[in-house]
Amino acid sequence: MSPQTQIPTQTENTDISVEKLNRQMIVILDFGSQYSELIARRIRETEVYSEVISYRTTAEKLKELNPKGIILSGGPNSVYDDGAPECDPKIWELGIPVLGVCYGMQLMVKQLGGSVERAKRAEYGKASLHIDDPTDLLTNVEQGATMWMSHADSCNQLPPGFEILAHTENTPSAAIADHENKMYGVQFHPEVVHSIGGQALIRNFVYHICRCHPTWTTEAFVEESIREIRNQVGEKRVLLALSGGVDSSTLAFLLHRAIGDKLTCMFIDQGFMRKLEPERLVKLFHEQFHIPVEYVNARERFLKKLEGITDPEEKRKRIGGEFIQVFEEESVRLGPFDYLAQGTLYPDVIESADTNVDPKSGERVAVKIKSHHNVGGLPKDLRFKLVEPLRKLFKDEVRKVGRSIGLPEEIVRRHPFPGPGLAIRILGEVTAERLNILRDADLIVREEINRRGVYHDYWQAFAVLLPVRSVGVMGDHRTYAYPIVLRFVSSEDGMTADWSRVPYDLLELISNRIVNEVRGVNRVVYDITSKPPGTIEWE
């Protein structure tokens with residue numbers, strides 16, 4: 001997002017306003033791939049707006065939305081599975097450029113008269129792309145470029161009018177095209193970082209084939225969001241759950257600019273924050289930003305709510321439900337309020353989405369990974385109306401918005417911190433003792449990476465407490481204490497992440513400090529799992 005031209009505006013779900021989007025949009029039909037949102041992320045890097053919508057969206061609805069291009073995502077199914085998801089076949093008659101990715105390509109081939117069969121050998125991971133036609137979709141993609149494969153089916157017969165653009169050692173039709181009708185397919189995933197040249201391919205589709213212009217910009221987003229907030233809220237009052245992270249802080253600045261004193265920021269201290277953060281947050285907003293914050297100490301209440309609870313989903317739901325309870329009680333005291341503002345982001349939405357179910361077969365299409373406290377934990381009888389202007393943004397886009405409206409760099413570049421806080425960095429039951437142990441360990445992690453000047457080298461760096469004990473020895477005495485897991489990851493947007501190669505001397509220093517200074521810990525281990533297959537957080 002750059003700060004110059006007019007930006008398309010987002011709306012919730014599939015109710016996208018064509019007028020607001022200025023017809024500069026690429027839509028992604030989601031067939032259940034965990035990479036669907038990553039495709040949207042890559043398109044937005046070209047400064048063109050993109051949004052993921054259901055594969056069940058009809059051709060009539062797409063015609064109404066009038067996107068400049070359509071992308072069919074990958075998915076976990078085979079096109080020949082019983083109940084495999086299919087798009088409206090009338091989509092091929094719209095005259096809108098289409099790009100099928102993996103399952104999307106196979107579905108395109110099948111529906112247009114070609115055939116797909118089980119590959120002789122499944123192809124997962126990196127593969128060299130041998131380009132047969134270096135023009136159009138594959139312009140500026142290097143010969144032999146590495147692409148990321150993840151498929152067990154292969155297109156063995158192309159539909160009429162299609163030709164092969166590229167192949168790999170195991171896949172004869174790795175990229176295909178019907179140039180006349182502007183229909184394209186790739187068997188690999190250009191959206192993932194492992195695909196070298198994948199972004200060049202996406203740019204070719206967006207700019208050369210779909211004829212889009214770079215209209216997805218930061219300043220225009222801010223201006224349009226302020227107008228939308230004012231139109232939605234009117235003269236009503238808004239209650240914001242402030243956490244101190246970049247999401248809620250950016251939202252606070254945006255709302256304050258839009259509606260001024262009609263905004264009330266409430267900080268609910270649920271007892272799961274990091275050491276000294278609640279006090280610092282309230283002081284910062286009051287004294288530096290001049291945005292009043294209502295502080296509510298609810299530590300004992302939340303801790304009691306989690307007594308005996310070990311399931312992470314149940315933790316999140318209870319914390320989310322308790323948040324709303326506190327909001328409602330405090331709003332009676334401070335209010336009334338009609339709206340509740342939340343810093344919900346796009347990754348929150350996709351990871352919290354209910355499983356897609358095919359209406360005919362009942363088969364599941366996408367898998368729910370986890371719910372977030374500000375998405376999956378909301379009760380059905382919520383009496384607030386929601387204001388979520390950041391709902392369609394990725395984390396890096398939020399940071400750009402925050403900078404553009406004056407948010408201090410120390411908050412803009414703050415590591416992401418989950419809404420349920422340390423409660424989901426303590427596996428198993430959350431107790432006061434375990435919280436104190438984890439707070440002290442986490443503080444040491446932050447102190448040392450800040451002292452070393454490498455805080456911003458990592459997407460996230462934190463400690464996790466495991467609910468097991470192991471034997472150790474300290475000063476000739478036997479110990480039986482908790483282990484601490486260190487989790488350092490690098491990422492661009494939180495959708496995927498790799499474990500960070502932290503210098504051994506830094507790990508050693510952090511480990512020695514934790515074992516010597518944190519009572520109740522006698523062992524420190526390091527997590528070397530990427531996302532996928534793991535998640536960034538442990539719960």
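Tutor: K182 is partly exposed, because its relative accessible area of 34% falls between the cut-offs of 20% and 50%. This is a predicted model, and the values that follow are computed from it. K182 sits in the loop between strand 9 (175–178) and strand 10 (183–186). Its phi is positive, near 55°, although the residue is not a glycine. Most residues other than glycine have a negative phi, and most peptide bonds are trans.

C102 also has a positive phi, of about 55°, and is not a glycine. C102 belongs to the loop between strand 4 (98–101) and helix 3 (103–111). With a relative accessible area of 5%, C102 is buried.

Two peptide bonds also deserve attention. The bond joining K531 and P532 is cis, with omega about -15°. The bond from P532 to P533 is cis too, with omega near 15°.

The largest nonpolar core has 116 residues, and I484, L486 and I514 have the most contacts inside it. Helix 6 (residues 246–259) gives the most to this core, namely eight residues. Leaving aside residues up to four places away in sequence, L486 touches V445, F462, A463, L507, I510, I514, V524, V525, Y526 and D527. Another core, of 37 residues, lies apart from the largest one and includes L99, A145, V186 and M495.

The axes of helix 13 (residues 432–452) and helix 14 (residues 504–517) come within 10 Å and cross at roughly 145°. The crossing of helix 13 past helix 14 is right-handed. On the helix 13 side, the contact includes I444, V445 and I449; on the helix 14 side, it includes L509, I510 and I514. The contact of helix 13 with helix 14 divides into eight nonpolar, no polar and seven charged residues.

Helix 6 pairs with helix 11 (residues 395–404): their axes come within 10 Å and cross at roughly 40°. The two helices are therefore oblique to each other, and helix 6 passes helix 11 in a left-handed crossing. V246, D247 and T250 of helix 6 meet K395, V398, R399, V401 and G402 of helix 11. By class, this contact has three nonpolar, two polar and three charged residues.

Definitions and conventions:
Residues numbered from 1 in each chain as written. Predicted model: local features only at pLDDT ≥ 70, side-chain atom pairs only at ≥ 80, totals over all residues. Heavy atoms only, no water. Core = buried A, V, L, I, M, F, W, Y, C linked by side-chain atoms within 4.5 Å. Buried < 20%, exposed > 50% of the residue type's maximum accessible area, 1.4 Å probe, protein only. Helix = DSSP H or I, 4+ residues; strand = E, 2+ residues; numbered from the N terminus. Contact = heavy atoms within 4.5 Å. Axes fitted to C-alpha atoms, helices over the stretch in contact; angles between N-to-C directions. Parallel < 35°, antiparallel > 145°, perpendicular 65-115°, else oblique. Left-handed = near helix turned anticlockwise from the far one by under 90°. Nonpolar A, V, L, I, M, F, W, Y, C, P; charged D, E, K, R; others polar.
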